[in-house]
Amino acid sequence: MATGNATAAATGTAPRRRAVLAVAVALLLVATVPLVFRAAGADGVTPVPQLLAFLPWLLVPAGLALALSFAARWRPGLFWAAAVLLGLAAFVPPYGDDAPASHGAPLTRLRVLTANLEFGRATDGLLAALRRERPDLVAVQECDPRRCATALDSPAVRAAYPFRLLAGYGASEGSAVLSRFPLRPDGAVAGELAMPRAAVTVSGHRLRFQVAHPMPPLPTSLHTWRSELGRLRDLAASRSTEPLIVAGDFNSSQDHAAFRAVLDAGLRDSARRAGRPRTPSWPARTTPVLGAQIDHVLVSDALCPRAARFLDLPDTDHRALLVDLELHAAR
């Protein structure tokens with residue numbers, strides 16, 4: 001009788017162990033595949049780019065897989081999970097060098113705000129932020145013609161921001177630049193969503209202000225996403241002597257190779273330099289518990305970030321980013 005009970009217990013245990021192992025393997029694959037692409041410096045195909053946006057959070061499934069492997073006494077799983085955890089941990093630190101560029105006294109200071117309004121729904125929140133924070137330059141994405149464009153044309157906004165640039169049509173395509181300083185159109189980066197550029201004169205010094213809004217890395221738009229980030233990289237690598245600010249919703253994080261290529265072309269991430277690396281900006285409904293930093297203000301060497309804050313605007317899936325910069329003489 002005792003032998004029969006032991007046999008029955010063993011028979012019941014085997015399926016449970018197989019189920020635990022299956023779950024552990026699935027969790028490890030979810031973490032391992034994007035880790036391999038991150039290490040290789042590539043973005044891959046769906047679902048890799050989507051998972052790469054949340055790379056630090058993949059420590060959770062890898063940790064669960066470690067616990068399950070331990071419970072099931074699966075030695076290969078223990079080594080696999082430990083290797084994945086160590087690999088992920090190696091890529092969690094912010095990308096880029098830590099040392100800020102050395103500058104003398106600033107020529108002038110300016111405040112930059114970028115905000116994605118989610119089809120114009122957060123227009124009221126943007127207006128409140130403009131009144132409260134008083135940025136000097138503003139990059140707006142998803143500025144729809146009915147709510148956003150109309151509100152930005154109001155007398156109060158025109159009085160505060162007499163210089164502006166509107167581009168694109170439709171709820172997601174529209175973009176805007178608002179400025180307290182004189183500006184003129186300076187071309188655009190070609191894309192499905194409007195990415196205008198302005199030449200701005202700040203206290204007698206000229207700089208270029210580029211709105212960034214490449215397509216998101218959806219399964220049907222991966223090629224477009226890569227191409228548009230590539231055009232932003234080409235702009236950064238153009239070696240113009242004028243300081244450059246590229247601000248907006250990049251639909252990419254530091255764990256995407258296409259975004260790191262933009263940084264490697266000569267730009268610095270303001271949030272990272274101001275001590276706010278990897279602060280999630282999307283999706284706003286789950287930040288800061290879960291999210292990715294895909295909204296950025298990138299600057300060339302003549303611009304030194306001094307402070308950065310992420311702002312919660314109602315009715316949008318993005319957090320706005322506010323950055324204080326110092327403009328120095330180009331070296």
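Author: What follows starts with a pair of helices, moves on to the rings, and ends with the backbone.

The model is predicted, so that local features need pLDDT of at least 70 and side-chain atom pairs count only at pLDDT 80 or more, while totals for chains, interfaces and linings use all residues. Residues are numbered from 1 along each chain as its sequence is written, and side-chain values use heavy atoms, with hydrogens and water left out.

Helix α9 (residues 257–264) packs with helix α8 (residues 222–236) at an angle of about 10 degrees, their axes 8 Å apart; helices here are DSSP runs of H or I with at least four residues, strands are runs of E with at least two, and both are numbered from the N terminus. The axes are lines fitted to C-alpha atoms, for helices over the stretch in contact, and the angles run from 0 to 180 degrees between N-to-C directions. The two helices are therefore roughly parallel (under 35 degrees; over 145 is roughly antiparallel, 65 to 115 roughly perpendicular, and the rest oblique). On the α8 side, Trp-225, Leu-229, Leu-232, Arg-233 and Ala-236 are in contact with Ala-258, Phe-259, Ala-261 and Val-262 of α9, contact meaning heavy atoms within 4.5 Å. By class, this contact has eight nonpolar residues, no polar ones and one charged residue (Ala, Val, Leu, Ile, Met, Phe, Trp, Tyr, Cys and Pro count as nonpolar, Asp, Glu, Lys and Arg as charged, and the others, Gly among them, as polar).

Six of the eight residues of α9 are buried, so the helix is largely enclosed by the rest of the structure; buried means under 20% relative accessible area, exposed over 50%, and partly exposed in between, with a 1.4 Å probe and protein chains only. The buried residues of α9 are Ala-257, Ala-258, Phe-259, Arg-260, Val-262 and Leu-263. Of these, Arg-260 has its charged end over the ring of Tyr-95, 5.8 Å from the ring centre (CZ of Arg or NZ of Lys within 6 Å of the centre and within 35 degrees of the ring normal). After α9 comes Gly-266, with a positive phi near 125 degrees.

The whole structure holds three aromatic pairs, a pair being rings of Phe, Tyr or Trp (its six-membered ring) with centres within 6.5 Å, stacked if the planes are under 30 degrees apart, edge-to-face if over 60, and otherwise tilted. In one of them, the rings of Phe-54 and Trp-282 have centres 6.1 Å apart and planes at 40 degrees, so this pair is tilted. Phe-54 lies in the loop between α2 (48–52) and α3 (59–71) and Trp-282 in the loop between α10 (270–273) and β10 (295–299), so the pair ties together parts 228 residues apart in sequence. Phe-54 is partly exposed at 23% relative accessibility, and Trp-282 is partly exposed at 28%. Phe-250 is buried at 0% and Phe-259 is buried at 1%.

Trp-282 also brings in the backbone, as a cis peptide bond with omega of about -10 degrees joins it to Pro-283.
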